[in-house]
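Dear colleague,

Please find below the sequence and structure that I am handing over to you. My notes on what was found follow after them.

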Amino acid sequence: MSLFRISRTTPLPPAEVWRRLTDWPAHGAQVPLTRTRVLTPGPSGPGTRFTARTGIGPVGIDDPMEVVRWEPPGEGPGASGICRLEKRGRVVTGWAEFELRAEPDGSTRVWWTERIGVRGVPRVAGPLLGGAGKLVFGRALDRLLAHRPR
């Protein structure tokens, strides 16, 4: 298992940041060779399940997740929100969580924390797994926050 944390500040308001971070298919579009399929009807909330599949054709790894904590941000100064996902797969294990908070200057601060494990990968590879996760999910977070709808 490896634990990593990423933080970013964006000029977007908390409600827009929340909308972007809970657009599950958009996550897959930001990670190479990955697509995300939502398995439960909307809207998203506790119990929402989806699977991120990374691979090419029939060869890949599924990362099934479930929303277990869902606290959208309110309005006004200091608005904050948190969402926690539990990884429910046989291969990929752990959890992911993002928090956001409105800052006094009108920006929004985002923290993405993830504890990830891959069954069969030795514990000694934890730092490598964490570094790769921080790089891949840092880029995905940057793209989600920068993405402009068409």
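Predicted model: local features only at pLDDT ≥ 70, side-chain atom pairs only at ≥ 80, totals over all residues.

Residues are numbered from 1 along each chain as its sequence is written, and side-chain values use heavy atoms, with hydrogens and water left out.

Helices and strands are named as DSSP runs numbered from the N terminus (H or I with at least four residues for helices, E with at least two for strands). The axes of helix α1 (residues 14-21) and helix α3 (residues 126-146) come within 9 Å and cross at roughly 125 degrees, the axes being lines fitted to C-alpha atoms, for helices over the stretch in contact, with angles from 0 to 180 degrees between N-to-C directions. On the α1 side the contact (heavy atoms within 4.5 Å) is made by V17, R20 and L21, and on the α3 side by L141, L144, L145 and A146. Sorted by class, this contact has 6 nonpolar, no polar and 1 charged residues, where Ala, Val, Leu, Ile, Met, Phe, Trp, Tyr, Cys and Pro count as nonpolar, Asp, Glu, Lys and Arg as charged, and the others, Gly among them, as polar.

Q30 belongs to helix α2 (residues 24-30) and is buried, with a relative accessible area of 15%; here buried means under 20% relative accessible area, exposed over 50%, and partly exposed in between (1.4 Å probe, protein chains only).

Turning to the strands, D63 sits in β4 (residues 59-71) and is buried as well, at a relative accessible area of 11%. Apart from neighbours within four places in sequence, D63 is in contact with F50, T51, A52, K87 and V92, and its side chain is joined to that of K87 by a polar contact of 2.7 Å, a term used for a pair of N or O atoms within 3.5 Å of which, within protein, one must be able to donate a hydrogen and the other to accept it, residues adjacent in sequence counting only if both atoms are side-chain atoms. K87 is also listed for T93, whose contacts on the same exclusion of sequence neighbours are M1, K87, R115, I116, G117, V118 and R119. T93 lies in strand β6 (residues 92-102) and counts as buried at 15% relative accessibility.

The loops deserve a look too. In the loop between β2 (34-38) and β3 (49-56) we find P43, and the peptide bond from G42 to P43 is cis, with omega near 0 degrees. G47 is found in the loop between β2 and β3 and counts as partly exposed at 30% relative accessibility. The C-alpha atoms of G47 and E66 are separated by 5.9 Å, although these residues are 19 residues apart along the chain, and G47 touches T40, E66 and V67, not counting residues up to four places away in sequence. Finally, L33, in the loop between α2 and β2, has a positive phi of about 60 degrees although it is not a glycine, and counts as exposed at 56% relative accessibility.
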